[in-house]
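I opened this notebook to record what I looked up in one structure. The entries are set down by topic.

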Amino acid sequence: MQYQGGKYMGGNHIAKILTEHRKPGQWYIEPFCGGCGVLGRMAFPRLGADVNPYLVAYLQKISSTDWMPSVDVSREIFNDMKTNPENYDPAWVGIVGCALSFSGKWFGSYTGHIKKYQEIKRGSRKGEIRKYDEKKKMLKSAERDKKLLKYSAFVLKDYRTLDAEGYIPPESLIYCDPPYKGTAGYPFGGDFDHDAFWQWCINMVYKGHTVFVSEYSCPHDFEVVWERKRSSSLSNNKEYNAMKTRPTEKLFKIS
Ligand SMILES: C[S@@+](CC[C@H](N)C(=O)[O-])C[C@H]1O[C@@H](n2cnc3c(N)ncnc32)[C@H](O)[C@@H]1O
């Protein structure tokens, strides 16, 4: 699904590299699974975790039942869901909060009303009218998630508790796509301690796991195994905005 900072675009490249590094039978663990842009492209056995309770409720329900979300979501319902999520099915909140929100940002601006938009191509003054239906897109995403995520396991956990609680089997392949340093952040999990996160990755390598991380930069001299320029809805990073450049997203192999 469309998800803030999600890897739906480009996730196939990352999944291909991770698969090349994966040993037969090795568990795939994704502690910051979000909209599962990578997890859905990895073979079993696999486990996704995240701290967003509504998103995890959605992932658990869509992957293990026949349920499909209703698209009967007016602006009023969207706003009420944002303020009083406890009055709704958490799985429904989980997909509506991203899929009917501008750029997939958690309950940002409502987009369920947009039916068409004008696309202005570079070098042209005339805009092309395009059909655009976010509700239809939300249903398509849910259908795709149902297919790609079927039988996957998801847990509502902070990444720091996963190992201590036995969710990371020995010698796992761990792929982390954490909140990026200098970007807008996420509504659950509190302030993200980036230094503690890198230390956790190093500890996981010492424990015998294979660890990869997506980020713009890294405080250590780890190998970059893949990179791409990225336009991100999360680019609140003043440094990049001042340079008017698109940041380069990298995939690091921790060693
Ligand atoms: C960059 S997004 C992941 C996007 C995902 N790779 C995708 O394709 O959609 C980062 C995720 O980390 C989650 N997160 C933030 N802090 C966390 C924590 N302490 N433990 C686990 N997940 C956390 C957020 O809820 C968010 O879903």
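The entries below go from the sheet to its helices, then to single residues and the ligand.

**Entry 1: conventions.** I noted that residues are numbered from 1 along each chain as its sequence is written. I also noted that this is a predicted model, in which local features need pLDDT of at least 70 and side-chain atom pairs count only at pLDDT 80 or more, while totals for chains, interfaces and linings use all residues.

**Entry 2: the sheet.** I looked up the strands and helices, which are DSSP runs numbered from the N terminus (helices are H or I with at least four residues, strands are E with at least two). Two strands pair if DSSP finds at least two bridges between them. I found an open sheet of seven strands with mixed pairing, in the order E5-E2-E1-E6-E7-E9-E8. Its edge strands are E5 (153–156) and E8 (223–229), each of which pairs on one side only. From one strand to the next, the twist averages 15°.

**Entry 3: strand E2.** Which strands did I find bridged to E2? E1 (residues 28–30) pairs with E2 (residues 46–50) in the parallel sense over three bridges. E5 also runs parallel to E2, and four bridges join them. Gly 48 of E2 is the bridge partner of Glu 30, and Gly 48 also stands opposite Phe 154 in E5.

I then checked burial. A residue is buried if 20 or more other C-beta atoms lie within 10 Å of its own, exposed if 12 or fewer, and partly exposed in between, with C-beta atoms placed from the backbone. Five of the five residues of E2 are buried. In a regular strand the side chains alternate between the two faces of the sheet. In E2, Arg 46, Gly 48 and Asp 50 are buried on one side, and Leu 47 and Ala 49 are buried on the other.

**Entry 4: helices on the sheet.** Axes are lines fitted to C-alpha atoms, for helices over the stretch in contact, and angles run from 0 to 180 degrees between N-to-C directions. Two residues are in contact if their C-beta atoms, placed from the backbone, lie within 7 Å. Helix H1 (residues 11–20) lies across E6 (173–176), E7 (210–215), E8 and E9 (248–254), and runs at about 165° to E8. Helix H7 (residues 194–206) lies across E6, E7 and E9, at about 160° to E7.

**Entry 5: the loop between E1 and E2.** I found Cys 36 in this loop. Its phi is near 65°, a positive value in a residue other than glycine. Is Cys 36 buried or exposed? Cys 36 counts as buried, because it has 28 C-beta neighbours inside 10 Å. Pro 45 is in the loop between E1 and E2 as well. A cis peptide bond, with omega about -5°, joins Phe 44 and Pro 45.

**Entry 6: Ser 103.** Ser 103, although not a glycine, has a positive phi of about 60°. I placed Ser 103 in the loop between helix H4 (90–99) and strand E3 (116–120). Ser 103 is partly exposed, because 16 other C-beta atoms lie within 10 Å.

**Entry 7: Met 81.** Met 81 is in helix H3 (residues 75–83). It is buried, with 21 other C-beta atoms within 10 Å. Leaving out residues up to four places away in sequence, Met 81 touches Tyr 88, Val 93 and Val 96. The C-alpha atoms of Met 81 and Val 93 are separated by 6.8 Å, and the two residues are twelve apart along the chain.

**Entry 8: the ligand.** The ligand is surrounded by 24 residues, and the closest are Gly 6, Gly 34, Gly 35, Gly 37 and Gly 189.

Note on methods: A residue is near a molecule or strand if its C-beta atom, placed from the backbone, lies within 6 Å of it.
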